[in-house]
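Here are my notes on this model, in the order I'd go through them with the viewer open. Have a look at the structure first, then read on.

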Amino acid sequence: MAKTEQGNGLDVRGSTDKLTDNGKGNLYGSDTEVNGNAIPDQEQVDKYGFTGGAQQYSGDFVEEIPIEVLRQREAKWLEMLNSWDKWMAKKHKKVKERCQKGIPPSLRGRAWLYLTGGKVKREQNQGKFQELDNQPGDPKWVDIIERDLHRQFPFHEMFAARGGHGQQDLFRVLKAYTLHRPEEGYCQAQAPIAAVLLMHMPAEDAFWVLVQICEKYLPGYYSTGLEAIQLDGEILYALLRRVSPVAHRHLKKHKLEPILYMTEWFMCAFSRTLPWASVLRVWDMFLCDGVKILFRVGLVLLKCMLGSQEKLKTCQGLYETMELLRAIKPQYMQERFLVHEIIELSVSERDIEKEHHTQLRSWKETRGDLHCKSPPRMHGAKAIMAAEPPRRQDLRQRPTIIVESPLAEDAKESRNPNKEKQKKTIPTLEEKVNPSSSDPSPLLEHMTLQESKESLSSAEHDTYL
């Protein structure tokens, strides 16, 4: 069983160190393309922000989306985000399909915020993050968090510099969570989750999405004793019997406990396992559909690596099997292949819940009651919204930016040729961003941008206009 420190989390110098410092490229994206902007005194960065030049996979594996298709997807996502409650209530299947196709990079952070319910949480708790941010924090957790900062994606431009803005924001988010949930404190597997979020959104948004992941998607995962992750390990093992009997028999024969190979997969949501393009696609689906996506990814990898007698010839013992699962073959983690296999694999929420009750009964018979009482798990965005219906104002996007259309103005004048042309005034930036009307018109609601503390980075991501 995995070691813990302070009774909570993974061993800092064990598996977590291995995942960040192995030098084998798991921290890089799968794309060889670079964006042309070199960091001073360092090598260039790829389009995901990773430095070093050595990518995990060749360009042959990269799925490039034509720019015209990307712009169309951005327009569709903008429409959904501007009427989020209606889309989730009446067209959730379409939202799910668009998450499976991949959220446009320019809108990924905002989409994750809405999918998880983090946007609603933020609006309903305005000022809460700032309040937590201003508090000093428990010295016990502060010390452990500070020691973990440099281990999180050290080859990403956000986190490469010790004490840089990325590490500072990561510290703020993790410290705030320990104050938000002092009974849980800090688990080291939360750090990569928070780091991935910070690559896509400001610290306050990342905090509320982290809260939703910890409390709704993966409740109990980061609590003392790791009981929830052990239960899910048994669920994964039971589901494997149906998906790949050959792999199941092999793991059973060598008494390979699930927690030995799936802990970091699930607790880090595969952010330390897959190439970056695949990580983002998995997260798009995971935050839409819930934990069943993590189970499907795990089952696909186990089936691909251990699913035939031919594949098992090279791993005749426990040690050899563990080494094989630590070095998943690139073709099985490639974006297009993996996403296709995840979608095709028939493992539902009902399958997981049924097996959860079975494993819970077995746990109580052999070990007694769980020490950590976790809230019920929410299976994705629709379940979260149904459990906590949002108010319309909580979904409104701010600030609002008005974009005057010359075509619309010309059309208006052509319809009223006899009217005297009114004197035009150019509104100030403040008037544009903060219109006086308290209830924005449909046009204003349609042309909105997410509020961001990091105006430069957020503006760079919002390239859809």
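1. Contacts and overall make-up. Take contacts in the chain between residues at least 6 apart in sequence, a contact being heavy atoms within 4.5 Å: 77% of them join residues at least 24 apart. The chain has 27 helices and two strands, taken as DSSP runs (H or I of at least four residues for helices, E of at least two for strands) and numbered from the N terminus. Of the 465 residues, 53% count as buried, where buried is under 20% relative accessible area, exposed is over 50% and partly exposed is in between, using a 1.4 Å probe and protein chains only.

2. Ground rules. This is a predicted model, so local features need pLDDT of at least 70 and side-chain atom pairs count only at pLDDT 80 or more, while totals for chains, interfaces and linings use all residues. Residues are numbered from 1 along each chain as its sequence is written, and side-chain values use heavy atoms, with hydrogens and water left out.

3. Confidence. The mean pLDDT (the predictor's confidence in each residue, from 0 to 100) is 79 for the chain, and 74% of the residues reach 70 or more. Over residues 1-41 pLDDT stays under 50, and the model has 113 contacts beyond four places in sequence for them. Residues 419-465 are below 50 as well, with 70 contacts beyond near neighbours in sequence. Where pLDDT is low, the predicted coordinates should not be read in detail.

4. A search of the whole structure turns up 21 salt bridges, each a side-chain nitrogen of Lys or Arg within 4 Å of a carboxyl oxygen of Asp or Glu. One of them joins Arg108 and Asp284 at 2.8 Å, N to O. Arg108 is in helix 5 (residues 108-116) and Asp284 in helix 15 (residues 276-289), so this bridge ties together parts 176 residues apart in sequence. Both Arg108 and Asp284 are buried.

5. The search for aromatic pairs finds 14; rings of Phe, Tyr and Trp (its six-membered ring) pair if their centres lie within 6.5 Å, and planes under 30 degrees apart are stacked, over 60 edge-to-face and the rest tilted. Trp112 and Trp283 have ring centres 5.5 Å apart and planes at 40 degrees, so they make a tilted pair. Trp112 sits in helix 5 and Trp283 in helix 15, so the pair ties together parts 171 residues apart in sequence. Trp112 and Trp283 are buried too.

6. Two bridges from helix 11. What does Glu215 meet in a salt bridge? The partner is Arg181, at 2.8 Å, N to O. Glu215 lies in helix 11 (residues 203-217) and Arg181 in the loop between helix 9 (165-180) and helix 10 (190-198), so parts 34 residues apart in sequence are tied together. Glu215 is buried at 12% relative accessible area, whereas Arg181 is partly exposed at 24%. Lys216 bridges to Glu388, with the closest N and O atoms 3.5 Å apart. That pair links helix 11 to the loop between helix 22 (381-387) and helix 23 (392-395), 172 residues apart. Lys216 counts as buried at 8%, and Glu388 is partly exposed at 35%.

7. A buried arginine to check. Arg98, in helix 4 (residues 92-101), is buried yet has no salt bridge; the nearest side chain of opposite charge is Glu79, 5.4 Å away (Lys and Arg count as positive, Asp and Glu as negative; His and the chain ends are not counted). Leaving out residues up to four places away in sequence, Arg98 touches Lys76, Trp77, Met80, Trp87 and Ile103.

8. Charges over rings. Lys91 lies over the face of Trp87, 4.7 Å from the ring centre, where the criterion is NZ of Lys or CZ of Arg within 6 Å of the ring centre and within 35 degrees of the ring normal. Arg367 lies over the face of Trp363, at 4.0 Å.

9. Helix 13. In helix 13 (residues 245-253), Val246, Ala247, His248, His250 and Leu251 are buried. Their cover includes helix 12 (227-243), helix 14 (258-267) and helix 16 (292-306). Just after helix 13, Lys255 takes a positive phi of about 55 degrees.
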